[in-house]
Amino acid sequence: MTSTSRTSGPDRWQHYGASSRGRRSLSRLHWDWYQRIGPGAELLGDLAGRTVAELGAGAGHQAAYVATELKAARVIAIDSSTAQHSRGRDLYEDVPGLDFVHDDAAAYLRDHPSSLDVAYSIFGALDFSDPQTLLPSVAVALRSGGTLVFSTLAHYRTGAPPETECRPADIPTRRPDGRPGTMQRWVLGVSVWTELLDEHGFDVMHGDTVHDPGRDGEAPVATTLFRARTKRGSGAPHLLSYEVPDSEARPAGGNRPTAG
Ligand SMILES: C[S@@+](CC[C@H](N)C(=O)[O-])C[C@H]1O[C@@H](n2cnc3c(N)ncnc32)[C@H](O)[C@@H]1O
């Protein structure tokens with residue numbers, strides 16, 4: 001399945017991963033930068049019978065694993081890049097229960113309220129979109145109590161510390177014609193992510209940082225991991241009204257809670 005694309009601008013992902021062709025047979029799910037250490041699929045919980053979306057699924061390697069090995073009822077692999085979307089479809093379109101959607105993740109999620117049990121991102125859309133737009137869209141698309149799991153850089157790849165406010169940096173990339181260009185990446189500190197999640201209707205269930213010192217000359221890279229759940233009753237705006245029963249009423253002059 002392919003939805004209408006609402007992506008715009010030159011494709012910054014045309015050259016990414018273009019040289020590594022072919023399906024990947026993953027032995028397990030990884031969240032860390034080098035895809036070799038740290039927690040695995042247990043962060044997603046039991047997916048049997050669940051509807052799951054990967055936000056920024058790229059070539060679909062992880063989404064195919066989630067569909068085949070973790071037995072999700074349906075996995076929606078969303079990616080805004082034309083090149084990445086095509087790679088995913090070419091490689092894994094025949095996997096039962098796996099659908100590829102070519103769209104901006106926030107736009108797709110807003111159009112599909114209460115449709116998902118679990119959403120996840122592995123250095124995906126949450127790294128490359130404004131979280132102030134994407135997180136509320138994830139909250140809309142998840143059913144009450146639904147789960148969001150994501151991994152993101154704990155620091156810039158140069159080793160520079162993450163941002164202490166929600167702001168992106170321009171990082172180098174290649175334009176479709178091969179010339180150098182830039183794109184925005186959100187590399188945020190743990191406390192910034194924690195505040196954003198709270199602000200947009202999530203309770204953090206688990207947070208972790210996975211440090212990989214690098215092998216054979218690789219740069220050390222730390223990955224931030226979050227598992228969060230939509231707050232029950234979050235989503236549609238509502239007013240709470242609470243009348244204290246007479247038997248509990250405070251003495252005259254006391255405070256009387258009527259709203260929360
Ligand atoms: C670094 S790749 C990661 C792909 C995959 N998760 C993996 O680990 O191989 C990031 C992907 O996120 C996609 N992406 C970035 N912003 C997006 C957005 N707003 N909506 C959908 N996809 C997005 C890009 O097109 C790219 O394919």
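Me: Before we look at this predicted model, what makes a residue buried?
Reply: The test counts the other C-beta atoms around a residue's own, with C-beta atoms placed from the backbone. A residue is buried if 20 or more of them lie within 10 Å.

Me: Thanks! With that in hand, why is β1 largely enclosed by the rest of the structure?
Reply: On one side of β1 sit T51, A53 and L55, and on the other V52 and E54, and all of them are buried. Both faces are therefore covered. The strand is largely enclosed because its buried residues number five of the five.

Me: What general rule lies behind that split into two sides?
Reply: T51, A53 and L55 share one side of β1, while V52 and E54 take the other. In a regular strand, side chains alternate between the two faces of the sheet.

Me: Which strands pair with β1, and in what sense?
Reply: One partner is β2, joined to β1 by five bridges; here A53 stands opposite I76, and L55 has I78 as its bridge partner. The other pairing runs over three bridges to β4 (residues 116-122), where V118 is the bridge partner of V52. So β1 pairs with β2 and with β4, and the sense is parallel.

Me: What handedness do the β-α-β units have?
Reply: One unit is made of β1, α1 and β2. Another consists of β2, helix α2 (residues 82-92) and β3. For both units, the handedness is right-handed.

Me: Let's turn to G60: is it buried or exposed?
Reply: G60 is found in the loop between β1 (51-55) and α1. Within 10 Å it has 28 other C-beta atoms, and the cut-off is 20 or more, so G60 is buried.

Me: Now the ligand: which residues come nearest to it?
Reply: There are 19 residues around the ligand, divided into eight nonpolar, nine polar and two charged. At least two residues of this shell come from each of α1 (61-69), β2 (74-79) and α4 (125-128). Nearest of the 19 are G56, G58, S81, A105 and F128.

Me: Finally, zooming out, what percentage of the contacts between residues at least 6 apart in sequence join residues at least 24 apart?
Reply: The protein chain has six helices and nine strands, and of its 260 residues, 38% count as buried. Among contacts between residues at least 6 apart, the share joining residues at least 24 apart is 66%.

Key. Residues numbered from 1 in each chain as written. Predicted model: local features only at pLDDT ≥ 70, side-chain atom pairs only at ≥ 80, totals over all residues. Near = placed C-beta within 6 Å. Helix = DSSP H or I, 4+ residues; strand = E, 2+ residues; numbered from the N terminus. Nonpolar A, V, L, I, M, F, W, Y, C, P; charged D, E, K, R; others polar. Buried ≥ 20, exposed ≤ 12 C-beta atoms within 10 Å, placed from the backbone. Contact = placed C-beta atoms within 7 Å. Pairing = 2+ DSSP bridges. Right-handed = clockwise from strand over helix to strand, strands pointing away.
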